[in-house]
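Here is a walk through one model, going strand by strand and then out to the ligand and the cores. Keep the viewer open as you read.

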Amino acid sequence: MTMDAEFYSRVAERFGGYFSDARSTDVFPDGRPDAAFDELVTALGAPQARLLDVGCADGRSLLRVCPAYGAATGIDLSPSMLECAARYRAEAGLAHVTFELCDAAHTGLPDGDVDVVTSRRGPLIAQEFERVLRPGGAVVYMGIGEQDARELKETFGRGQDFDSWNGRPLSEEVAQELSDAGFVVTRNQAFRFEEFYHSPGDLDTFLHQVPIIDNYDSAADEEAFDRYVTAATTDQGVRLSRHWFIVQAQKPTAVESSHS
Ligand SMILES: C[S@@+](CC[C@H](N)C(=O)[O-])C[C@H]1O[C@@H](n2cnc3c(N)ncnc32)[C@H](O)[C@@H]1O
């Protein structure tokens, strides 16, 4: 297992999936990114269409959208997350969905096998996505933006994509990667939102669930954590500023390719 998969397996074993019981009140001035993602992916579905979700984790996001598809497969590198996914699938009673332990870089799927590839805060392997999609098929990617939890990372002096706020927007890098692999980018949409944790303990729990602060340790990081909480405490709770984005792209049809 890679370090990444080990982290997510620990999360699945501790919390029973890709979530925690951290309590927060969230404010979405740009709309909810997860709801927008589900809407886009559902709209691309059809009774004969095949969906591949890479980095599916506990599978709950795939299970929400898969009724719009004839067949759906979720892949992940974390066996513990996939065990949770199998449990959620059984609870949902959906037989046309499979979950497999598989690296998104080497899916082993035939060329042009699927109609839609999704990655929701999962890996982006543009060339493999292009290979497994049929001409005219779409990729929908949800990523974490360069401003995500910036004040928290600045306080800790480390974190996921630390310092990327000084570089090119991460959504543009994703769009560029997809273009370089031959896709036509059709959407690049930012979502800024605020989470207000009901107590410092809720924020602490959340930081164990996500890789925002790498190797987060409640004891070793106590000083930075307390400084952040002091600076970020509001009437509504402990504020965490989030930044996600959705990039959608299409694989050209054979006719479009021959003209380009
Ligand atoms: C942030 S979680 C996203 C979970 C889920 N898509 C969601 O939004 O709730 C990222 C997931 O990607 C998986 N992952 C990372 N690299 C991968 C790879 N190369 N192939 C397959 N899965 C991978 C991790 O194991 C983890 O479960």
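## Ground rules

Helices (H or I, at least four residues) and strands (E, at least two) are DSSP runs, numbered from the N terminus. Two strands count as paired if DSSP finds at least two bridges between them.

What you have here is a predicted model, in which local features need pLDDT of at least 70, side-chain atom pairs count only at pLDDT 80 or more, and totals for chains, interfaces and linings use all residues. Residues are numbered from 1 along each chain as its sequence is written.

## Strand E9 and its partners

Let's start with a hairpin: E8 and E9 form one, with two residues between them. Strand E8 covers residues 233–234 and is joined to E9 by two bridges, the two strands running antiparallel. Thr-233 has Val-238 as its bridge partner in E9.

## The parallel strands around E3

Now move to strand E3, residues 71–76. Five of its six residues are buried, so the strand is largely enclosed by the rest of the structure. Strand E2 (residues 50–54) pairs with E3 in the parallel sense over five bridges, and Arg-50 has Ala-71 as its bridge partner in E3. To get from E2 to E3 the chain goes through helix H3 (residues 60–65), in a right-handed β-α-β crossover. Right-handed means that, with the strands pointing away from the viewer, the path from the first strand over the helix to the second runs clockwise.

Strand E4 (residues 97–101) is also a partner of E3, running parallel to it with five bridges. Here Gly-74 stands opposite Phe-99 in E4. The chain takes helix H4 (residues 79–92) on the way from E3 to E4, and this β-α-β crossover is right-handed.

## Around the ligand

Which residues come nearest to the ligand? Of the 21 around it, they are Tyr-8, Gly-55, Ala-57, Ala-104 and Arg-120; a residue is near a molecule if its C-beta atom, placed from the backbone, lies within 6 Å of it. Helix H1 (3–15) and E3 each supply at least two residues of this shell, and H1 gives the largest share, three residues. By class, the shell has 12 nonpolar, four polar and five charged residues. Ala, Val, Leu, Ile, Met, Phe, Trp, Tyr, Cys and Pro count as nonpolar, Asp, Glu, Lys and Arg as charged, and the others, Gly among them, as polar.

Ala-57 sits in the loop between E2 and H3 and, with 27 C-beta neighbours inside 10 Å, counts as buried. Its phi is near 50°, a positive value in a residue other than glycine. Most residues other than glycine have a negative phi.

## Two nonpolar cores

A nonpolar core is a set of buried Ala, Val, Leu, Ile, Met, Phe, Trp, Tyr and Cys residues joined through C-beta atoms within 7 Å. The largest one has 50 residues, and those touching the most other members include Cys-66, Met-81, Val-139 and Leu-178. Strand E6 (residues 133–144) provides the largest share of this core, seven residues.

Take Val-139: leaving aside neighbours within four places in sequence, its contacts (C-beta atoms, placed from the backbone, within 7 Å) are Val-117, Phe-129, Leu-133, Leu-178, Phe-183 and Ala-249. There is also a second, separate core of 15 residues, with Leu-152, Ile-213, Phe-225 and Val-238 among them.

## Out in the open

For contrast, find Thr-230 in helix H9 (residues 222–232). Thr-230 counts as exposed because it has 11 C-beta neighbours inside 10 Å.

Note on methods: Buried ≥ 20, exposed ≤ 12 C-beta atoms within 10 Å, placed from the backbone. Contact = placed C-beta atoms within 7 Å.
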